[in-house]
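These are my notebook entries, written while I looked through the structure with its sequence beside it.

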Amino acid sequence: MAAATTVTLLLLAGRYGYHRDELYFLLAGRHLDWGYVDQGPLVPALARLLDTIAPGNLVVLRTPSAVVAGAAVLLVTAIAREVGGGRGAQVFAAVLAALSGIVLASGHLLSTTTVDLLVWLVAAWCALRLLRTGDSRWALGIGLALGVGMLSKVLPALLAVGLVAGVLIAGPRRLLRDRWVLAAAAVAALLAAPNLIWQAAHGFPQLGVAASIADGDSSYSGRLDAFVLQFVIISPYAVPIWIAGFVALLRRPAWRAYRAVGWAWLVVVGIVLIAGGKGYYDAPLLLVLTAAGAVVTAGWASRGSVRLRRGLLALGVVPFLLPNIVLLLPVLPADRLPGFVVDVNYDAGETIGWPAFADSVAAVHRGLSPEERSRAVILTGNYGEAGALARFGPARDLPRAYSGHNSMVDFGRPPADADVVIAVGWAGPGRLNSWFESCTQAGWVDQRVEVANDENGGPIHVCRGLRRPWAQIWDTEVRHTG
């Protein structure tokens with residue numbers, strides 16, 4: 001199942017195109033640092049390495065994600081085994097993991113979520129080993145996983161909070177004084193230190209990004225969306241299974257040692273919902289509950305009317321699990337992608353049409369006079385658009401694209417004499433008029449497919465005459481996070 005997951009993802013990796021975040025990672029990789037406004041250095045550094053090995057090769061860029069997805073299937077199976085599941089329960093857990101939304105979605109794209117998936121599952125497996133055996137040296141595995149994960153994002157700290165809270169609630173509390181646990185905490189802190197120091201030196205900009213997410217300024221954010229996502233991020237089919245796993249972790253006498261992990265999920269999902277985080281933040285722990293639930297379900301299917309119960313489980317796979325492949329992977333033609341796919345999977349729309357996006361901007365650029373083209377720059381509304389133009393713009397003789405979005409603002413501002421600007425990714429000229437003497441619409445984005453993403457059909461403006469120098473407005477007005 002793990003191998004099939006990885007191979008399937010590799011076969012589909014080259015369809016459609018780059019995701020906006022991948023374009024951003026590639027651009028951030030050209031400006032390596034110990035931290036960024038919205039992430040740590042790990043994924044940008046990995047993106048740069050992969051693009052250096054095979055420039056412009058989307059399959060190579062996504063290969064680590066496909067491998068991580070296969071590893072996630074193995075880890076979920078190992079967790080099922082760890083809590084006593086036999087061969088049938090392990091196979092069932094592998095099927096649920098391989099066809100889960102979080103594994104397929106994060107395994108298709110290079111993203112910080114891919115790193116989180118692996119980090120959280122490794123830490124959870126080590127935690128279960130520690131709780132079962134009582135050997136606190138397994139805490140070092142937790143600390144190592146969390147420390148590496150925090151070089152990608154600070155979210156693994158949320159898992160640490162959940163695990164500590166779980167131990168405080170369910171025990172054994174002696175672990176909080178154990179020398180190996182304290183050593184693991186030191187390992188995690190040491191590994192995470194470069195990114196945390198960078199964040200502290202820059203005023204913890206990730207807190208501003210988190211606030212924007214809590215306000216709903218991002219995909220899959222907002223408390224209601226986060227709550228609903230709990231019931232679909234694995235699959236609707238798996239909901240009663242992971243609920244059974246959660247209840248069993250808290251109530252099954254034979255699993256008393258594992259109760260801290262059940263409480264950890266409850267604490268983590270509570271924080272996510274209260275703070276307004278994204279609903280997939282806790283998804284790796286949902287996979288842990290699913291593994292436990294697979295053991296419970298396999299036991300249920302082995303009692304009473306065995307054929308009937310196993311038949312019911314098999315019947316649910318086609319209508320409730322297999323649709324994840326169609327919704328989350330690029331199996332349908334991009335030019336005939338049904339609207340409901342993008343409605344369910346926002347990220348699918350953000351992997352379509354970037355070369356045509358660059359063509360639309362190039363058409364406006366060619367419409368300028370030769371004198372204006374010589375000093376024109378491009379100002380994009382978000383990092384994905386800037387990343388797309390960095391990737392596809394040189395072949396179209398486009399000037400450099402700038403943006404004030406997240407860490408893009410730190411990658412450089414336009415030259416002082418750049419007073420002709422092609423602005424793309426701005427809903428209207430409202431903000432642009434405060435920076436320029438005139439802004440007129442000169443075109444629109446035509447991605448040549450019917451896809452409802454953030455770019456298709458958007459206006460492209462040409463703005464002239466800076467009201468104030470770039471140095472005065474760049475950090476104070478053009479800069480924005482989210």
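Entry one. Which side chain does the side chain of Thr-114 join in a polar contact? I was working with a predicted model, and in it I found that the partner is Ser-111, with a polar contact of 3.1 Å between the two side chains. I then looked up the place of Thr-114 and noted that it lies in helix α7, which covers residues 112–133. When I set aside residues up to four places away in sequence, I saw that Thr-114 touches Ser-65, Val-68, Ser-106 and Leu-109. I recorded Thr-114 as buried because its relative accessible area is 4%, and the cut-off for buried is under 20%.

Entry two. Is Thr-290 buried or exposed? I looked up its relative accessibility, which is 1%, so I counted Thr-290 as buried. This residue is found in helix α15, made of residues 283–301, and its side chain reaches the backbone oxygen of Leu-286 at 2.8 Å. Leaving aside its neighbours within four places in sequence, I listed Leu-96, Ile-234, Ile-241 and Trp-242 as the residues in contact with Thr-290.

How is the protein divided into domains? I noted domain 1 as residues 1–328 and domain 2 as residues 354–478, and I found their C-alpha centres to lie 37 Å apart. For the contact between them, I wrote down 17 residues from domain 1 and 17 residues from domain 2. The area buried between the two domains is about 1,500 Å², and carbon and sulfur atoms give 59% of it. On the side of domain 1, I saw that Arg-20, Leu-23 and Tyr-24 lose the most area to domain 2, together 42% of what that side buries.

Which polar and charged links did I look up between the domains? I recorded three salt bridges between domain 1 and domain 2, and I also looked at the salt bridge in which the side chains of Arg-391 and Asp-51 meet, at 2.9 Å from N to O. Across the interface I noted nine residue pairs in polar contact. Helix α2, residues 20–29, gives seven residues, the largest share of the side of domain 1 that touches domain 2. I divided the residues of that side into nine nonpolar, three polar and five charged.

Terms used:
Residues numbered from 1 in each chain as written. Predicted model: local features only at pLDDT ≥ 70, side-chain atom pairs only at ≥ 80, totals over all residues. Heavy atoms only, no water. Domains from an automatic or database assignment. Contact = heavy atoms within 4.5 Å. Buried area = accessible area lost by both parts, 1.4 Å probe. Salt bridge = Lys/Arg side-chain N within 4 Å of Asp/Glu carboxyl O. Polar contact = N/O pair within 3.5 Å; in protein donor to acceptor, adjacent residues only side chain to side chain. Helix = DSSP H or I, 4+ residues; strand = E, 2+ residues; numbered from the N terminus. Nonpolar A, V, L, I, M, F, W, Y, C, P; charged D, E, K, R; others polar. Buried < 20%, exposed > 50% of the residue type's maximum accessible area, 1.4 Å probe, protein only.
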